[in-house]
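Visitor: I would like to go through this structure with you, taking the helix contacts and the ligand site in turn.

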Amino acid sequence: MRTPIIAGNWKMNMTPKEATGLIEALKPLVKDTNTTVVVCVPAIDIPAAKQALRGSRIKLGAQNVHFAESGAYTGELSAAMLKEAGVEYVIIGHSERRQYFGETDETVNKRTRAAVAAGLTPIVCVGELKEQREAGYTDALVTYQTLIALTGLTPTEVRKVVIAYEPVWAIGTGLTATDEQANETIGVIRKAIAARYGKGVANRVRIQYGGSMKGSNVKGLMAQPEIDGGLIGGASLKADEFAKVVNFDK
Ligand code: PGA
């Protein structure tokens, strides 16, 4: 019903030349999948990645977008710039952006709206810190983060958004949420979307899990009914490992 979506988040890795090499190595390994495959590359790699992706069904993604159309925002990129460069997906509100670059739920919402208005598909990241899970706040927090991020979008727009549930304690740590934990929290997110936008919309929204997902744990996570894919950091930097994740159903 929902097409799975596996997205690589390269973070601040890969020069343009390295990006070309990784994509060329990846292309033959994932050519037979029906899963949506995305590589979210550093902005400077976009032209090289676009070129390297020619003739493949792998989609191009960016890692952030500014909310203004243009103007005095030194160092930022607009949705129109990304779109014209061939980008289709954009990660918004990654926990590293929230933690190190002052992103808030409000700016995540503004960026999400700008991305959608320009015809980009946002991959909106939500997720709790370790202390928040231990204190029992996970459900309330991911509900709040999700609903704020989507505020101002029409139900038709919400349907196309991708959400990535990434427990912050599982990112880059080797710790993964259990299959059941990830499924349960993603179920909470889907219920929140259903309550606000209706079941029809909630059943269409693709919700990924992210946090140390890799070849060895992808099958168990993807077997869960609520989990529609993954946002993959470390394991997306090697073609064979990322291909194992993409080909979870083979
Ligand atoms: P990780 O990163 O797979 O390296 O844990 C995931 C992410 O931050 O998107």
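This is a predicted model: local features need pLDDT of at least 70, side-chain atom pairs count only at pLDDT 80 or more; totals for chains, interfaces and linings use all residues.

Visitor: How are H7 and H9 oriented to each other?

Guide: Helix H7, residues 138-150, packs against helix H9, residues 179-197, with the axes 9 Å apart and at an angle of about 45°. Angles under 35 degrees would count as roughly parallel and those of 65 to 115 as roughly perpendicular, so this value falls in the remaining class. That angle therefore makes H7, relative to H9, oblique.

Visitor: Which residues of H9 does H7 meet, and how many residues of this contact are nonpolar?
Guide: From H7, the residues Thr138, Asp139, Val142, Thr143, Thr146, Leu147 and Leu150 take part, and in H9 they meet Thr185, Val188, Ile189, Ala192, Ile193, Arg196 and Tyr197.

Visitor: What is the handedness of the crossing of H5 and H7?
Guide: The axes of helix H5, residues 105-117, and H7 come within 7 Å and cross at roughly 40°, and the two helices are therefore oblique to each other. As H5 passes H7, the crossing is right-handed.

Visitor: Which residues of H7 are met by H5, and how many residues of that contact are charged?
Guide: On the H5 side the contact involves Asp105, Glu106, Val108, Asn109 and Thr112, which meet Tyr144, Gln145, Ile148, Ala149 and Leu150 in H7. The residues of the contact of H5 with H7 divide into five nonpolar and three polar, and the charged ones number two.

Visitor: Turning to the ligand, at what distance from an oxygen atom of the ligand does a polar side-chain atom of Glu166 lie?
Guide: The ligand is surrounded by 13 residues, and Glu166 is listed among the closest, along with Lys11, His94, Gly172 and Ser212. A backbone N or O atom of Gly233 lies 2.8 Å from an oxygen atom of the ligand, and for a polar side-chain atom of Asn9 the corresponding distance is 3.5 Å. For a polar side-chain atom of Glu166, the distance from an oxygen atom of the ligand is 2.7 Å.

Conventions:
Residues are numbered from 1 along each chain as its sequence is written. Side-chain values use heavy atoms; hydrogens and water are left out. Axes are lines fitted to C-alpha atoms, for helices over the stretch in contact, and angles run from 0 to 180 degrees between N-to-C directions. Helices (H or I, at least four residues) and strands (E, at least two) are DSSP runs, numbered from the N terminus. Angles under 35 degrees count as roughly parallel, over 145 as roughly antiparallel, 65 to 115 as roughly perpendicular and the rest as oblique. Contact means heavy atoms within 4.5 Å. A residue is near a molecule or strand if one of its heavy atoms lies within 4 Å of it. A polar contact is a pair of N or O atoms within 3.5 Å; within protein, one must be able to donate a hydrogen and the other to accept it, and residues adjacent in sequence count only if both atoms are side-chain atoms. A crossing is left-handed if the near helix is turned anticlockwise from the far one by less than a right angle, and right-handed if clockwise. Ala, Val, Leu, Ile, Met, Phe, Trp, Tyr, Cys and Pro count as nonpolar, Asp, Glu, Lys and Arg as charged, and the others, Gly among them, as polar.
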